[in-house]
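Here are some notes to read alongside the model. Please keep the sequence and the 3D view open while going through the points.

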Amino acid sequence: MSEKVDKFVDVLVAPKKVMICQKYLAANSLHYEIVSEDVEIDFEDERQNLLTAPTLNKGDFSYDTYHRLSVMYDHLDALQTQFPSKAETFNLPGQTYEKRKHSSNQDNTQHN
């Protein structure tokens with residue numbers, strides 16, 4: 001029995017496997033859209049944009065770009081200062097998957 005699933009998924013396919021993947025999708029009547037021809041170039045472009053991005057004033061933030069962790073922490077601190085009854089910053093116990101402290105690059109006393 002076949003069910004129709006009306007959902008989208010993102011799939012990253014190695015360049016040498018794209019044709020195989022496209023044939024499989026076509027053979028199974030699955031609609032697809034190629035969003036990026038070369039994700040490596042996209043990543044490198046984003047990295048360069050991040051490295052050359054102008055320094056923001058503390059509390060300034062843009063949701064249309066990536067930010068360094070310290071900039072995100074500064075933004076969260078600014079929100080907490082601006083809206084103390086609605087926002088709170090705190091540290092999470094433990095480590096990230098990469099074995100880093102959750103509040104890396106910041107003084108832990110600033111995010112309690």
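1. Which helix gives the most to the lining of the largest pocket? In this predicted model, H1 does, with four residues. H1 spans residues 18-27, and both H1 and helix H2 (39-52) supply at least two residues each to that lining.

2. The largest pocket holds about 1200 Å³ of space. Its lining is made up of 30 residues, and those closest to the centre of the pocket are Val9, Val11, Leu25, Tyr32 and Glu33. By residue type, the lining has 16 nonpolar, nine charged and five polar members.

3. Ser29 deserves a look. Ser29 sits in the loop between H1 and H2. Its phi is positive, about 55 degrees, although Ser29 is not a glycine. Most residues other than glycine have a negative phi. Is Ser29 buried or exposed? Ser29 counts as exposed because its relative accessibility is 68%, and the cut-off for exposed is over 50%.

4. On confidence, the protein chain has an average pLDDT of 79, and 84% of the residues score at least 70. Among the elements of the chain, H1 has the highest mean pLDDT, at 94, while helix H3 (residues 69-82) has the lowest, at 83.

5. Residues 104-112 need caution. The pLDDT is below 50 over this stretch. In the model, residues 104-112 have 19 contacts beyond near neighbours in sequence. Where pLDDT is low, the predicted coordinates should not be read in detail.

Notes. Residues are numbered from 1 along each chain as its sequence is written. This is a predicted model: local features need pLDDT of at least 70, side-chain atom pairs count only at pLDDT 80 or more; totals for chains, interfaces and linings use all residues. Side-chain values use heavy atoms; hydrogens and water are left out. On a 1 Å grid over the protein atoms alone, a cavity is a set of points where a 1.4 Å probe fits but cannot get out, and a pocket is an open set with protein on both sides within 12 Å along at least five of seven lines; lining residues have an atom within 4 Å of a point. Grid points are joined across faces, edges and corners, and a volume is the space filled by probe spheres set on the points. Ala, Val, Leu, Ile, Met, Phe, Trp, Tyr, Cys and Pro count as nonpolar, Asp, Glu, Lys and Arg as charged, and the others, Gly among them, as polar. pLDDT is the predictor's confidence in each residue, from 0 to 100. Contact means heavy atoms within 4.5 Å. Buried means under 20% relative accessible area, exposed over 50%, partly exposed in between (1.4 Å probe, protein chains only).
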